[in-house]
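Take a moment to look it over, and then read on.

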Amino acid sequence: MQEELIAIKGVNDGLLISLSTTENWQSVTDQLAARIDEQAEFYAGANITVELGERPVPKYELSSLRALLERRGLKLSLVRSESDTTQKSAESLEVPIENHVDVAAPQQTVRETAPVTSEERGTHGVLFRRTLRSGRTIHNDGHVIVFGDVNPGAKVIAGGDIVVWGKLRGYVHAGANGNESAIVCALEMSPSQLRIADFVVRSPAGKRKKIMPEVALVRDNQIIVEARD
Amino acid sequence: MGGKVVTISSGKGGVGKTTATANLGISLASLGKKVVVIDADIGLRNLDVIMGLENRIVYDLVDIVEGRSKLRQAMIKHKKFDDLFLIPAAQTRDKMAVSPEDMVKLANELREDFDYILIDSPAGIERGFRNALEPADEVLIVTNPEVSAVRDADRIIGLIEAADKGPGRLIINRLKTELVKKGEMLSSDDVFDILGLSIVGIIPEDELVLSASNSGIPVTLNMQSKAGMAFNNVARRVIGEDVPFMNLDESRGIFQRLAKLLNGR
């Protein structure tokens, strides 16, 4: 996999985006834009804190970063930086600034922030006891269970797992916060697109010969689908 | 409670809603029911043309709602059936001229004198569709056996369910048996598999529908037409009769049968 120049994690009131302090600014922002676009609906409307570290970011770069976020419906609400240049840029753009680095933050992996933690206590989810038809979007930070079909044109986006007791033919995204251990299972697995964390697969074209319950999960950096008996 | 309000809807345009409404209206009338059909597609009216009543329009739906006309004045009696009436849409206004509440009020008045009130919904999911949906007791969803029409039908069914008017029943229009056999068109089973709604009619593709619509004499009056017969069956199912689905297999000519025999199929 390509080297990660950015890290995105959920914090209490929004998202914390840490950008590489050394890489070329253009590549960093390009990757950021791509990452957000991949999961546009998941990030939409979030408050963004951007961590820039020691990198001196001139005013025009910061302003283009803000525009990049705003075009995607995201609000740049705080900049964290140790650089004087960046702080001045932020001041002149009237973006709130924090003059220190949260030392713990960059080390935390995204996975730890996923809502799924304790098996003993059980984990949270929502249940839909109906078929999700075209145009319907379900969005939940926990698990999503659908007792019914997920039709083409319907979307399910979950921070945790997705269980479909029925035919899965729409778009699903499990582990949408970056949780690669999330799974998707369905009685009939033919999603138009299936995503787990940052991985994407499409159903093969043509009709399936045999229909059986299947589970999709990430193994060796790719999504695999296996039968469950 | 009086008459029943049946809304004919589809989501996608051009699948045959208006044709279905006209034919259903005529079939119900020929079965001895008192029927009024309402064109709710304000600004793009067509039901009057298909029913051959265009030149008799004096008042329209918006005139009734805005009080310029009494209900009875705006209703156009069909040339052939004394118990079939049309309330045409206004051509010059848009869908905002009528509210869902107006439609409920109108439908309730009509319920007293009619057995069936059919509402032809416009395409789309906006105000016009809401207007047509609000007074409905039952919704018939017209779709074609093709992916995009089924997708839009699915969307509409979701909205119908959300409005507590569901689940509705399905009319599959313009089915081409030959194409289904070749695997080039969705079959009625495929459509059912996706939408999960009970089917109230399967209408075969039939050139007579087009010529009938253009001449203003709906195809259901033509006993030679398979589509006409299929629409008649829909009407009988709507009034609660148990009618078997017709065999749409076209290959029944002597040569095809012979070929079938020789090929051992």
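## A hairpin and its surroundings

In chain B, strands β3(B) and β4(B) form a hairpin with six residues between them. Strands here are DSSP runs of E with at least two residues, helices are runs of H or I with at least four residues, and both are numbered from the N terminus. Before going further, note that this is a predicted model, in which local features need pLDDT of at least 70 and side-chain atom pairs count only at pLDDT 80 or more, while totals for chains, interfaces and linings use all residues. Residues are numbered from 1 along each chain as its sequence is written, and chains are lettered from A and ligands numbered from 1 in the order in which they are written.

| Strands | Sense | Bridges | One bridge pair |
|---|---|---|---|
| β3 (residues 76-77) and β4, chain B | antiparallel | two | B:I76 and B:L86 |
| β2 (residues 35-39) and β4, chain B | parallel | four | B:I38 and B:I87 |
| β6 and β8 (residues 143-147), chain A | parallel | four | A:L127 and A:I145 |

Strand β4 (residues 84-87) of chain B is covered on both faces: B:L84 and B:L86 on one side, and B:F85 and B:I87 on the other, are all buried. A residue is buried if 20 or more other C-beta atoms, placed from the backbone, lie within 10 Å of its own.

Let us turn to the cores. A nonpolar core is a set of buried Ala, Val, Leu, Ile, Met, Phe, Trp, Tyr and Cys residues joined through C-beta atoms within 7 Å. The largest one has 79 residues, of which B:V36, B:L61, B:I117 and B:L118 touch the most other members. Its largest share, seven residues, comes from helix α7 (residues 147-162) of chain B. A second, separate core of 24 residues includes A:L132, A:V184, A:A186 and A:A216.

Where does chain A come in? Six of its strands form an open sheet in the order β6-β8-β10-β12-β15-β16, with mixed pairing. In chain A, β6 (125-128) and β16 (222-227) stand at the edges with a single partner strand each, so one side of each is left without a neighbour in the sheet.

Finally, the two chains meet: nine residues of chain A and seven residues of chain B make the contact, where contact means C-beta atoms, placed from the backbone, within 7 Å.

Key: A residue is buried if 20 or more other C-beta atoms lie within 10 Å of its own, exposed if 12 or fewer, and partly exposed in between; C-beta atoms are placed from the backbone. Two strands pair if DSSP finds at least two bridges between them.
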